[in-house]
Amino acid sequence: MCGIVGFIGNNDSKEILLKGLEKLEYRGYDSAGIAVMNEDGVQVFKEKGRIADLRSIVEEDVLANTGIGHTRWATHGVPSTVNAHPHQSKTSRYTLVHNGVIENYDLLKREYLQDVALESDTDTEIIVQLIDLFAKEGLSTEEAFRKTLGLLKGSYAIALLDEENKETIFVAKNKSPLLVGLGEDFNVVASDAMAMLQVTNQYVELMDKEIVIVQKDQVTIQNMNGETISRDPYTAELDASDIEKGTYPHYMLKEIDEQPLVTRKIIQAYQNDSGKLTIDEEIISAVNESDRIYIVAAGTSYHAGLVGKQFIEKLAKIPVEVHIASEFGYNMPILSEKPLFIFISQSGETADSRAVLVNVTKLGYKTLTVTNVPGSTLSREADYTLLLHAGPEIAVASTKAYTAQLAVLAILAEVAGASKGFKHEFDLVQELGIVANGMEVLCNAKEEFEDIARSFLSTTRNAFFIGRGIDYYVGLEGSLKLKEISYIQAEGFAGGELKHGTIALIENGTPIIALATQESVNLSIRGNVKEVVARGANPCIISMKGLEMDGDTFIIPEVHELLTPLISVIPLQLIAYYAALHRDCDVDKPRNLAKSVTVE
Ligand code: F6R
């Protein structure tokens, strides 16, 4: 969480930093700040709230060619102006922004900074005070920076300004993402290439424990021993329009609408010249040589994993367990003899998933990351990667990444099964094409979903999602979408489980959103709907063509029954979107959340 930017060059840096931070707001948006440096010194502007709030306090007439910036998701200390970054040393010589968590900050404070009255409650401030302390003891800035980094335990991406060295931004990284972008007569620093796409698409990836001396015409990467490392830049394959809302009122709506296109892109990306689905042979061997697959993920990606299990077990006939990443470390199951770990992560940065990846890699097990972000930490650190090809997902609530995860997992299961000679009666390419068409139909039915949201959810305190089998997993995702953006208390349940306790919560008018897309359980889920209706619930039934019954609220187009989650989730995404709008919620940036969860 948190996003950082830096700029050093010949232009005024303020606007570049602010624009960059706007693109990083998905990483946190409770407070923000920039520091700019010119011949007169360093000036810091910081404010609680969004980048728009920060923008309103930045003084127009301050001109500076060098600066750093930060958008925050609070971990240590409440969101406030004092706790916002940049933080400055007591002498004001050093100014610093940080993304990550310093685990031993309390210890360092007691050991080195007893005489320093800290301004903020953050773990970050001790970094800048330590650098200042060591510089006062006679070290150069580079030495003081290096010595401080050597003491830190935890994760960091840092950009540092030194008032006595106006030609340089000092940068370092460990476990938190950070890139250096290259330009002509300027260079930049950013947590994500998206932030600085406005000025360059040439980036150098940084590795953990590297220190970088960034000057306007030179970038020097060093390891912790001070040895210089050379690394070629890469071109960020991002189109500026991918990261703009265009005519859409919200990124979430744009991203929901992109799902048919993304599904078609995925089919193409995984087809060979003769149109056959294909995946790197090494990955397929790793899948087929494993005796059990462990899917590890969080949130929406975990929900995709639950559906992915069905795909892999049915099409490749390998047993699969699905685990919540944050639980796995403490609650490791007895592993099979030849496990394969699959990490599903839109961002590829989720700290909970990474902690498991690091552990199982140490144990010598093979790992595969399914992610939307090439070059992300989980992608770099796993043995293999499968990309989602969904394009940047900026709204905090995940939509297109979820359906992309499902499509890629279905293709993985299909190719693994086919390579073992398993046959079934359908052609996945054709079926995914039917799914993409069905998605389009649903995206064109927005008004109906707006009406459903208005009539079922505009005043309710809570809502329940029920389904059986694969529909239950989609219900879990639907309830997560609704709660995270509309703040309605929403829960997903297996239809048959209600009577074992949850049914006690049903009152007159309680909305129940029921999914009925599976022929084998159609009658049973209908029975569960009757049970709640008898107790006063207000049912919204979303069924599939061919299985519809009188009184259904919405009927989705027919697709292969294994693939229904790819389209049945769209009504739930749109209903959540409109429910949030009707309740005046900030759809793209819900409270307390951030897109990239880089703390455990
Ligand atoms: C919900 C959502 C989160 C993420 C979760 C994992 O809409 O986006 O639940 O799915 O934080 O993030 P990734 O997929 O980046 O590992």
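Y487 lies in the loop between α17 (470-486) and β22 (489-494). In this predicted model, Y487 has a positive phi of about 65 degrees, although Y487 is not a glycine. A second residue of this kind is D185, with phi near 70 degrees. D185 sits in the loop that joins β9 (179-182) to β10 (187-190). The backbone also holds a cis peptide bond, from H85 to P86, with omega near 0 degrees. P86 belongs to the loop between β4 (66-72) and β5 (87-88). Such features stand out because most residues other than glycine have a negative phi, and most peptide bonds are trans.

The chain is divided into three parts: domain 1 (3-238), domain 2 (244-435) and domain 3 (445-600). The UniProt record, an unreviewed entry, lists "domain: Glutamine amidotransferase type-2" at residues 2-217. That span is 24% helix and 33% strand. The C-alpha atoms at the ends of residues 2-217 are 27 Å apart. The feature "domain: SIS" is placed by UniProt, again in an unreviewed entry, at residues 283-422 and 452-590. Residues 283-422 are 47% helix and 20% strand, and the end C-alpha atoms of this span lie 18 Å apart. Residues 452-590 are 39% helix and 20% strand. Here the end C-alpha atoms are separated by 21 Å.

Domain 2 and domain 3 share an interface. The centres of domain 2 and domain 3, taken over C-alpha atoms, are 24 Å apart. On the domain 2 side, 44 residues make contact, and they meet 37 residues of domain 3. About 3400 Å² is buried between domain 2 and domain 3. Carbon and sulfur atoms give 69% of that area.

Several helices build the side of domain 2 that touches domain 3: α7 (251-257), α10 (299-316), α12 (351-362), α14 (400-419) and α15 (428-443) each supply at least two residues. The largest share of this side comes from α10, with 9 residues. By class, the side of domain 2 that touches domain 3 has 24 nonpolar, 12 polar and 8 charged residues. The interface of domain 2 and domain 3 contains 2 salt bridges. Elsewhere in the list of charged pairs, D257 forms a salt bridge with K446. The closest N and O atoms of D257 and K446 are 2.8 Å apart.

Over the model, the count comes to 31 salt bridges. Side chains of opposite charge can pair when their charged atoms come close. One of the salt bridges joins the side chains of R50 and D586, at 2.5 Å from N to O. R50 lies in the loop between β3 (41-48) and α2 (51-55), while D586 is in the segment after α19 (564-582), so the pair ties together parts that are 536 residues apart in sequence.

Definitions and conventions:
Residues numbered from 1 in each chain as written. Predicted model: local features only at pLDDT ≥ 70, side-chain atom pairs only at ≥ 80, totals over all residues. Heavy atoms only, no water. Domains from an automatic or database assignment. Contact = heavy atoms within 4.5 Å. Buried area = accessible area lost by both parts, 1.4 Å probe. Salt bridge = Lys/Arg side-chain N within 4 Å of Asp/Glu carboxyl O. Helix = DSSP H or I, 4+ residues; strand = E, 2+ residues; numbered from the N terminus. Nonpolar A, V, L, I, M, F, W, Y, C, P; charged D, E, K, R; others polar. UniProt positions renumbered as here; feature names shortened; annotations may be inferred.
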